[in-house]
Each structure stands twice: as C-alpha cells, then as structure tokens.
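Subject: Structure handover

Hello,

Here is the structure for you to look through. Please open it first, then read my notes below.

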Amino acid sequence: MTTTPAPLPVSPPAHRWRAPAAACTTVVLWASAFVSIRSAGEAYSPGALALGRLLAGTLVLGAILIVRREGLPRRGAWPGIITSGVLWFGLYMVALNWGEQEVDAGTAAMLVNIGPILIALLGARMLGEGLPRRLLLGMGVSFAGAVVVGLAMSGHGGSSVLGVALCLLAAVAYAAGVVSQKPALAHGSSLQINTFGCLIGAVACLPFTGVLVSEAADAPLSATLNMVYLGVFPTALAFTTWGYALARTTAGKMGATTYAVPALVVGMAWVLLDEVPTPLGIVGGVLCLAGVAVSRSRQQTGPTRGNPARPVEGSRHDEERQAKRT
C-alpha cells in the first residue's frame, strides 16, 4: 500500500548544513562499528553482543531524553517505533553478528549492501517516494564498488549457506526497519524515535541475558569496552543523527549514503588494524564514494534557453494544486 509522502522539513539556509553533517556522522560511526565488532565478537556471541550494545545505547539515549524532557512521542509514531525496534535494532544486529561469523568479511559486505537497494524499492512502494535516475545510477555504481571491496576482502575464510542466509536476513531487516522508521519521524523527534526503538530492540534480545552475563565474566576488558563503544557511538549517537537526516530527505537517498561505509572501513582498517588495502579494495572504495556523490546530487530543473521554467510533472506542488481543485 502506497502512502502519500509527508512534506520534508524546510531548514533555514543557515541550518542546511546540519542534515548533511548528521548523515556524515552516522556513516563514519557505522564504519567504525565494523572494527569494534571484529574485536568484541571474539569474546561475545552474536546475541549477547547485540544485547549488550542495545542496553548501553538505551541507557545513554534514555538519560539524554530525560535531561531534554522530551517525553513520549505521539501515538502515530509507535507502529514505526515497534517495527523498526524489532527488525532493525533487534533482528538486524543479531543476524549480522551471527552472519559475519559464518561467512568471510567480503561475502558479508556484498550481501548486506543489498540493503540500500531494498530501501529505495520499498521507499518507492510503501512511502510513495520516487526513483530518480541519478539515485538509481549512483546506487548501481556504489553497489559495484561494494562488490569490488568484497572481492578484495574475500579469500580469508569460508562461506556457509547459513551465513549467506543470515546476511540476507540482516539486509532485509535493515531495509524494512528504515522504511518503517521514516513515517514515525513525522510524529516525534529522532531522539524519541530511536530511544524507544533501541529499548524495544533490547527487550527483544532479553533471551540472551544469561549468555551475556556468563560471557562478560570471562571477556577481556578490551572486548567489553568495544561493546560499550558500539552502544554509545554507533548506536546511540549514530542512530540519532541518522534519524535527524532521514526526517529531512528520502529513505532511498539516505540508504544510498551508507554506501560510503565500505570505503571508510577500508581506510579505518588500514589506520587502526594495520591492514594495508589492496589496489582492488582502493578501486572499490572510490567507486562507492563516487556512487554516493551521484545519488546525492540534485537534478537540474532550472530554465534552459528557449524552454521556460515550469514545475516538474508529478512534483509535490502539482499534487497540492490538484488536491485543491478536487
């Protein structure tokens, strides 16, 4: 069922840098998460790692929510909060943690990066968002880059049918969670939506409580600190900045933005883990960034010589005028 897209918030010119800055913050922190997951995953099982991360994120977000006195979001936000909480915060994190233990890093990167494509398709179908040619072209270039990065990272592990299925499940859960969260942001702030989404995800992961407690007793301090880092920064902060940017653009464009993550992971692994990227990995990273630039660029709709400016057919202004006539 297609819904009429809600008007995007219009920021004053002096504040228009905030949404791009929020999106960049999210991308950088999500890229750093792959490095931390690699460390924490050596001591924590997938479910326990997801629960510990979500509990840390919920505590931080809840404290900020109380300090800011934002309270509960409006009733219309709760369907999206519950759906995204279960699918994105809960199922996605467990499936991704588990899948990365069953397949090599390259295969996981390629499979999970199907998510942004699904977001664009679901956004067009469920939210009434368009599929601009530049968005499709940019996503195609970025996905090719993600495949190249994946090929460059492959060869250091095996792949199982279970692992492939888990990574695909993570991609679907991620896409469905993003598309579910988008309408909720019209009824509450990003902080509200993500605080309660993170809480619901933590509740969904409570069956892993016993495993988390037993593994925490034996885990090295570095692994536990990495788990806490995942909850505070790539979860609490990054999901909030993501929601802020998502409320001001389409789900498809935000999904395409995450294709910058593989390129950043290559660079971070080089700096933090001393993993020198191969020429193939560098080429893939450049393709990812080029695709993001294309997908985020704006179509020129101004007047051309001999062709006076006119509204684009199917634009929101046309729809509003047509609604008034009828």
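H7 and H10 cross in a right-handed sense. By class, their contact has four nonpolar, two polar and one charged residues. On the H7 side, the residues are Tyr174, Val178, Gln181 and Lys182. On the H10 side, they meet Trp242, Gly243 and Leu246. H7 covers residues 161-184. Its axis and that of H10 come within 10 Å, and the crossing angle is roughly 60 degrees. That makes H7 oblique to H10.

Before going on, a caution: this is a predicted model. Please read every value below as computed from that model.

**The chain as a whole**

The chain has 326 residues, and 46% of them count as buried. Its secondary structure comes to 14 helices and zero strands. From the N terminus on, the element order is therefore α at each of the positions, as in α-α-α-α-α-α-α-α-α-α-α-α-α-α.

Packed helices are described by the angle between their axes and the distance between the axes.

H10 spans residues 221-246. Helix H3 covers residues 78-102. H3 and H10 pack at an angle of about 125 degrees, and their axes are 14 Å apart. H3 is thus oblique to H10. The crossing of these two is right-handed. Who meets whom here? In H3 look at Trp88, Phe89 and Met93. In H10 look at Thr235, Phe239 and Trp242. Five residues of this contact are nonpolar, one is polar and none is charged.

Next comes helix H1, residues 18-40. H1 packs on H10 at an angle of about 155 degrees, with the axes 8 Å apart. Why is this pair called roughly antiparallel? Angles over 145 degrees count as roughly antiparallel, so H1 and H10 fall in that class. H1 passes H10 in a left-handed crossing. The contact of H1 with H10 has 20 nonpolar, seven polar and one charged residues.

**The stretch from the end of H2 to H3**

Helix H2 covers 46-68. How many salt bridges does the structure hold? There is one. It joins Glu70 and Arg68, whose closest N and O atoms are 2.8 Å apart. Side chains of opposite charge can pair when their charged atoms come close. Are the two partners buried or exposed? Arg68 is exposed, with a relative accessible area of 55%. Glu70 is partly exposed, at 23%.

Arg69 lies in the loop between H2 and H3. Please check its backbone. Arg69 has a positive phi of about 55 degrees, although it is not a glycine. Most residues other than glycine have a negative phi. Arg69 is exposed, with a relative accessible area of 77%.

Gly76 is found in the loop between H2 and H3. Gly76 is partly exposed, with a relative accessible area of 38%. What lies across from it in space? Gly76 and Ala186 are 8.4 Å apart, C-alpha to C-alpha. In sequence, Gly76 and Ala186 are 110 residues apart.

Gly145 is buried, with a relative accessible area of 0%. The cut-off for buried is under 20%. Which residues is Gly145 in contact with, leaving aside its neighbours within four places in sequence? They are Gly284, Leu287 and Cys288. Gly145 and Gly281 are 136 residues apart in sequence. Their C-alpha atoms are 8.7 Å apart in space.

**Where to look**

For a quick tour, view H10 with H1, then H10 with H3 and H10 with H7. After that, go to the salt bridge of Glu70 with Arg68 and the positive phi of Arg69.

Best wishes

Notes: Residues numbered from 1 in each chain as written. Predicted model: local features only at pLDDT ≥ 70, side-chain atom pairs only at ≥ 80, totals over all residues. Heavy atoms only, no water. Salt bridge = Lys/Arg side-chain N within 4 Å of Asp/Glu carboxyl O. Buried < 20%, exposed > 50% of the residue type's maximum accessible area, 1.4 Å probe, protein only. Axes fitted to C-alpha atoms, helices over the stretch in contact; angles between N-to-C directions. Helix = DSSP H or I, 4+ residues; strand = E, 2+ residues; numbered from the N terminus. Parallel < 35°, antiparallel > 145°, perpendicular 65-115°, else oblique. Left-handed = near helix turned anticlockwise from the far one by under 90°. Contact = heavy atoms within 4.5 Å. Nonpolar A, V, L, I, M, F, W, Y, C, P; charged D, E, K, R; others polar.
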